[in-house]
Amino acid sequence: MFNDLAFIIGTSLMYSTPLIYTALGGTISENGGVVNIGLEGMMSFGAFMAAAIGFYSGNPWIGFLAGGLAGMSLALLHAIATVTYRADHVVSGIALNFLGPGLALFLSRLMFEGATMTRPLDLTNKIPQPLRSFFAEGNGPFQRNGFFGIILNQYATVYLVFFLVALVWFFLYRTRFGLRLRSVGEHPEAADSLGINVFRMKYIAVLLSGAMAGFGGAAMSIAVVSRFSPTLISGQGFIALAAMIFGKWKPQGAMLASLMFGFAQGLAIYLGNPRVGVNVPGEILSMIPYVLTLIILIFQGKLLGRTVGPRALGKPFYKS
Amino acid sequence: MNRFKKVALMMGMLLAVMALGFAGGGSQAATPAAEGTVSIAMVTDVGGINDQSFNQSAWEGLQRAQSELGVKVSYVESNQSADYPRNLETLVDSNNDLIWGIGFLMGDVLLAEAQNNPTQKYAIIDVAYADTPSNLIGVVFREQEPSFLVGYIAGKMTESNKVGFVGGVKFALIEKFEYGFRAGVASANPDAEVYVQYAESFTDAAAGKAIATQFYQQGADIVFHAAGGVGDGVIEAAREQGRWAIGVDRDQNDLAPENVLTSAMKRVDNAMFNVAKELAAGRFAGGTTVEYGLAEGGVGIAPSSNKHVPADILAEVQQIENRITTGALQVPFDMATFEAFMAAQ
């Protein structure tokens with residue numbers, strides 16, 4: 001009974017983590033006024049680079065950083081297109097969603113003898129599970145397959161993401177930098193008139209968002225599993241985007257929405273387990289996360305107030 | 001000026017995407033080959049020629065046909081399903097004796113092509129048409145047979161008497177794996193319990209990891225998957241929990257050398273080679289669906305099985321293989337045949 005609960009919580013955390021990274025990325029970019037639907041492509045490329053560099057360097061953290069840099073490199077293209085050349089944000093994002101996986105496959109063929117997937121990392125070369133040695137093998141509450149073990153024996157990327165949520169919140173709402181960033185997303189002309197370098201702020205926001213999406217991909221390829229394959233990132237970037245909007249463009253909201261989605265996935269898998277004995281077809285169970293999202297979206301307006309994004313979101317800025 | 005810049009930038013990005021698309025795959029038709037009277041070409045499914053799965057296996061079969069039979073072989077890669085018709089057309093224009101489509105996703109497109117070009121010979125992997133045109137062969141595999149063998153190994157080797165099966169999406173093709181496996185487990189070890197769960201996806205690796213982890217936490221010590229990319233998660237769960245996983249389609253031992261016990265293999269290469277051999281001898285079984293099982297060398301267990309499976313169990317597996325090959329043992333492939341099989345036990 002308690003272990004069942006632990007399984008749902010543990011699975012939610014595993015599922016949500018890549019989404020939270022990526023949704024945080026979306027939050028930063030959109031608070032700076034740049035729509036980023038290229039998150040999926042950045043995640044994909046980040047997942048590949050993390051797995052490839054992680055494999056060749058033998059160090060998961062170098063791989064993790066490489067994933068962030070890979071996401072950032074695609075984000076740079078997005079920033080050049082949307083900020084400098086004022087291209088349509090959605091069009092540029094869609095192009096990146098093609099470019100990311102394409103680049104990943106192309107480089108994979110170069111680096112792994114023509115294969116479209118990377119070779120798996122050894123368990124010891126993956127992102128570490130910091131509390132693993134604390135939990136001994138076994139089923140007792142404080143053992144690896146017991147209540148606290150199942151919930152707390154997570155990869156370092158899981159703990160890191162909650163720290164980053166707090167950090168992004170602090171930067172956005174408690175620092176001068178965050179205030180400026182949000183002002184650029186709300187009213188760039190006003191920000192400009194006060195001497196804020198709007199272009200620079202937007203570039204920083206988009207680059208940080210790419211790094212976060214890259215970390216999200218890395219959290220998938222070198223923590224949840226241990227290699228990149230072409231189907232590894234299939235839709236997580238879009239779910240993260242939805243979570244960010246659902247979370248009202250706030251880091252804590254994006255986190256809660258991602259957790260809720262992860263929880264629904266964990267619940268669906270738990271209910272589908274033959275020993276739980278819920279006799280519902282798997283197709284229905286796999287709809288739970290999406291149906292739940294729809295229901296909450298419908299009632300969100302009533303419960304949490306209107307959902308409004310940054311006012312100048314997606315609009316080009318012309319320096320007068 | 002600004003509008004011009006915008007357009008130029010978009011064009012540039014589009015070109016970059018297209019360039020990558022071609023570099024990353026695209027058409028590499030008409031690979032130069034040895035002189036031969038018969039020429040055979042194939043269109044890959046998405047994933048490319050080195051996908052470590054069907055496409056690669058299919059191409060290996062054709063390459064063997066080239067070196068042993070002297071037929072001319074070539075391939076065209078598909079980057080997305082929209083490429084199938086164009087790639088198939090390209091091969092018709094380049095005068096191939098036989099055109100292969102790899103994978104059931106190409107089923108409808110290839111059937112339409114075959115009907116439009118009645119003089120061109122076609123063949124396809126993993127599709128059994130209800131009504132096959134006379135210029136087309138459907139090739140299917142008895143996946144239940146290797147699944148039975150790995151199920152037998154699992155039944156013999158489980159210490160907890162609990163094993164698991166993770167399926168991709170529940171439809172007839174994947175159920176062949178499930179019921180073959182369950183029958184194999186039951187015939188080796190009537191006391192063993194089999195947990196079965198479908199991920200309702202072929203790509204969600206996290207779902208595969210969660211399902212398998214829960215099986216292991218409930219005491220299962222061996223989990224078999226027939227779930228494509230979901231299986232990456234299953235094998236990862238086996239590594240983290242220090243238990244056994246059983247791979248599918250190809251020898252997946254390289255993914256986790258200490259944890260992949262064996263694999264239920266589909267020898268697409270052998271099927272491709274056999275059809276090529278027939279064609280080189282002037283025979284073509286058009287209008288039919290050809291089934292490849294153990295007897296035809298179309299399926300089997302992984303060569304790496306001897307690493308972890310004791311020799312006496314492998315010897316028993318060999319005996320079962322013989323019984324299946326001779327027809328003495330009929331392996332169930334769906335719920336009805338499975339229940340009949342269990343009733344006869």
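Trainee: In what order do the six strands of the open sheet in chain B run?
Mentor: Keep in mind that this is a predicted model. The pairing in this open sheet is parallel, and the twist averages 20° from one strand to the next. Reading across the six strands of chain B, the order is β2-β1-β3-β4-β5-β11.

Trainee: Which strands of chain B stand at the edges of that sheet?
Mentor: Look for strands with a single partner strand, because one side of each is then left without a neighbour in the sheet.

Trainee: What is the bridge partner of B:V139 in β11(B)?
Mentor: Start with the strands: β5 (residues 136–141) of chain B pairs with β11(B) in the parallel sense, over four bridges. Within β11(B), the partner of B:V139 is B:V290.

Trainee: What angle does the direction of helix α4 of chain B make with that of β4(B)?
Mentor: Helix α4 (residues 107–116) of chain B packs on the sheet, where it touches β3 (98–101), β4 (121–125) and β5 of chain B. Comparing the direction of α4 with that of β4(B) gives about 170°.

Trainee: How far apart do the C-alpha centres of the two domains of chain B lie?
Mentor: Domain 1 takes in 25–141 + 268–292 of chain B, while domain 2 takes in 144–265 + 310–344. The distance between the C-alpha centres of domain 1 and domain 2 of chain B is 30 Å.

Trainee: Which element gives the largest share of the side of chain B that touches chain A?
Mentor: In this interface, 41 residues of chain B are in contact with 41 residues of chain A. The elements of chain B giving two or more residues to that side are α1 (2–23), β7 (193–198), α7 (205–217) and α8 (230–241). The largest share, 12 residues, comes from α1(B).

Trainee: How far apart are the end C-alpha atoms of helix α2 of chain A, and what span should its 19 residues have?
Mentor: Helix α2 (residues 39–57) of chain A is mostly covered, with 17 of its 19 residues buried. At 1.5 Å a residue, the helix should span 27 Å, which agrees with its end C-alpha atoms being apart by 26 Å.

Notes. Residues are numbered from 1 along each chain as its sequence is written. Chains are lettered from A and ligands numbered from 1 in the order in which they are written. This is a predicted model: local features need pLDDT of at least 70, side-chain atom pairs count only at pLDDT 80 or more; totals for chains, interfaces and linings use all residues. Domain bounds come from an automatic or database domain assignment. Two residues are in contact if their C-beta atoms, placed from the backbone, lie within 7 Å. The expected span of a helix is 1.5 Å times one less than its number of residues. A residue is buried if 20 or more other C-beta atoms lie within 10 Å of its own, exposed if 12 or fewer, and partly exposed in between; C-beta atoms are placed from the backbone. Two strands pair if DSSP finds at least two bridges between them. Axes are lines fitted to C-alpha atoms, for helices over the stretch in contact, and angles run from 0 to 180 degrees between N-to-C directions.
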